[in-house]
Amino acid sequence: MLNVDNLSGGYTGDPVVKDVSFQVQKGELFGILGPNGSGKTTLLKMISGILPFDNGTILIKGQSIGSYSTKELAKMIAVLSQHSTQAFSYTVKETVSLGRYAHQKGWFHSWSDEDERIVQEVMTQTGVAAFQEKNIQELSGGERQRVFLAQALAQEPEILLLDEPTNHLDLSYQKELLDLLKRWTREKGLTVISIFHDLNLASLYCDQLLLLEKGRIHSNDHPNEVVRVEKIKEVYRTDIEKQPHPKIPVPQMVLIPNWQGESEQVMIGPEHMRMTKEHISIQSDAPLRTMSSGVVGAGVGWNQTFVNRHVDKNYHAFDHRQEMQDYLKKNGFDPSVTIGMMTAVVLEDVAYKVLKGEEFSVMVVVTAGVGNAVDASKSDQHAFEAVPGTINIWVFVNGELTEEAFIQSIMTATEAKVKVMEDQEVLDTITGTVATGTSTDSILIAATQNGRMLEFAGTITPLGKLISRGVYDCTTEAIKKSRRRIRNLC
């Protein structure tokens with residue numbers, strides 16, 4: 001659809017755009033990235049035919065852009081600039097209707113039923129139909145932006161050029177606009193070329209990305225290849241980190257502010273632990289980086305409060321997550337920064353231990369019972385039943401963990417727990433074989449993210465050794481306490 005080859009040019013003096021070459025296929029959403037002054041808007045103006053260029057070629061459908069008349073070009077290309085203005089006091093509908101000019105014929109331009117249908121359709125799709133009789137001067141910046149987008153779409157272009165299309169739009173309209181454009185590329189074959197300042201939006205919606213630096217191409221590839229930490233740091237010269245999108249396999253970037261190194265230096269120890277008959281809690285002085293399988297707060301995040309709640313072994317709730325959140329609120333805990341677990345174990349049987357390494361330490365807290373022990377290798381012989389968690393393991397690390405270390409910490413803690421089950425001869429009551437855990441065990445790894453950097457947590461690493469020892473000792477002690485209590489009740 002569009003072929004740009006060795007394009008150079010600008011306004012006066014040295015060229016702003018230098019030897020730029022790329023192709024855009026029909027039906028693609030093509031994003032242009034780069035810091036201020038990198039030549040993004042200049043490049044877009046050259047493609048639109050507004051700004052002449054010094055060297056190179058621009059081909060549209062295999063034909064030089066200079067060979068098209070102004071009206072022919074208007075039928076193929078529509079432009080939404082970064083700062084669209086409206087000098088005349090038109091209504092919304094009148095402004096959108098201007099987009100049909102290139103399709104009208106004869107000396108006296110007549111308004112057809114087709115023109116009316118298209119104008120009404122694009123106004124509905126861009127969310128401006130409800131105020132189509134309103135004067136455009138009365139609209140907010142975001143509303144005007146949507147009106148001018150509707151005007152561009154009313155041209156029924158084959159190529160739509162956008163300069164920061166989400167400028168002035170609130171979050172919901174940003175999503176609606178880009179969802180609409182993405183749908184049009186797929187359903188109508190519309191080719192969209194857009195400048196983006198927001199790297200994350202560009203990654204979410206674009207098929208291809210062009211990254212400019214000082215007028216030259218730095219990268220031109222799929223989003224996963226262009227939006228890489230090292231490339232973005234090099235071009236934008238700022239501290240940034242990459243994280244996966246939770247729903248879509250595209251990269252997302254987060255800024256790392258300078259003040260992040262000024263956070264409070266926190267240490268977690270037994271003095272932070274509080275216990276009642278209903279729950280054990282630990283309240284940190286600052287948020288900790290966490291990975292957990294809690295009823296509340298599962299997954300990866302930042303949390304400041306940790307609650308292990310005792311429930312009756314016959315506990316049942318229609319929505320146990322909501323019920324747990326209600327419990328946390330009732331007891332003065334904020335669910336948004338809390339990891340909450342449940343256990344049928346008597347909380348007095350808790351075992352905890354602090355282990356010190358070189359420039360870091362670990363605190364392990366375990367509640368454990370074996371009433372619903374399961375041999376994982378023979379779990380297919382069990383019926384599914386969500387029994388309240390029996391072995392809950394908390395591992396607090398006073399140090400900084402990598403993502404790899406978080407995952408390895410869970411593996412190491414689990415290996416230590418399984419060894420306890422073997423040594424304590426805990427049996428699966430269904431199969432009669434040695435159990436590996438209970439059916440609803442929960443685990444938490446929480447790190448202060450200050451102090452010594454701990455890259456790994458495998459069983460023979462400095463961190464892994466402390467986790468192994470702490471989990472093994474605490475799980476053993478907790479199981480023994482639970483068994484003694486049960487024997488004394490008999």
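**Exercise 1. Which residues are linked with Glu114 in a network of salt bridges?**

Solution. Glu114, Arg117, Glu121 and Lys188 form a network of salt bridges. A salt bridge here is a side-chain nitrogen of Lys or Arg within 4 Å of a carboxyl oxygen of Asp or Glu. The model is predicted, so local features need pLDDT of at least 70, side-chain atom pairs count only at pLDDT 80 or more, and totals for chains, interfaces and linings use all residues. Residues are numbered from 1 along each chain as its sequence is written, and side-chain values use heavy atoms, with hydrogens and water left out.

**Exercise 2. Find the salt bridge of Lys182 and state which parts of the chain are tied together.**

Solution. Step 1: the whole structure holds 25 salt bridges. Step 2: in one of them Lys182 pairs with Asp207, and the closest N and O atoms are 3.0 Å apart. Step 3: Lys182 belongs to helix α6 (residues 171–187) and Asp207 to the loop between α7 (199–205) and β9 (208–213), so the pair ties together parts 25 residues apart in sequence. Helices (H or I, at least four residues) and strands (E, at least two) are DSSP runs, numbered from the N terminus. Step 4: Lys182 counts as buried at 11% relative accessibility, while Asp207, at 28%, is partly exposed. Buried means under 20% relative accessible area, exposed over 50%, and partly exposed in between (1.4 Å probe, protein chains only).

**Exercise 3. Describe the largest nonpolar core and the surroundings of Val96.**

Solution. Step 1: a nonpolar core is a set of buried Ala, Val, Leu, Ile, Met, Phe, Trp, Tyr and Cys residues joined through side-chain atoms within 4.5 Å. The largest has 46 residues, and Val96 and Leu160 have the most contacts inside it. Helix α5 (residues 141–154) supplies the largest share, seven residues.

Step 1: leaving aside neighbours within four places in sequence, Val96 is in contact (heavy atoms within 4.5 Å) with residues including Val119, Met123, Val147 and Ala154.
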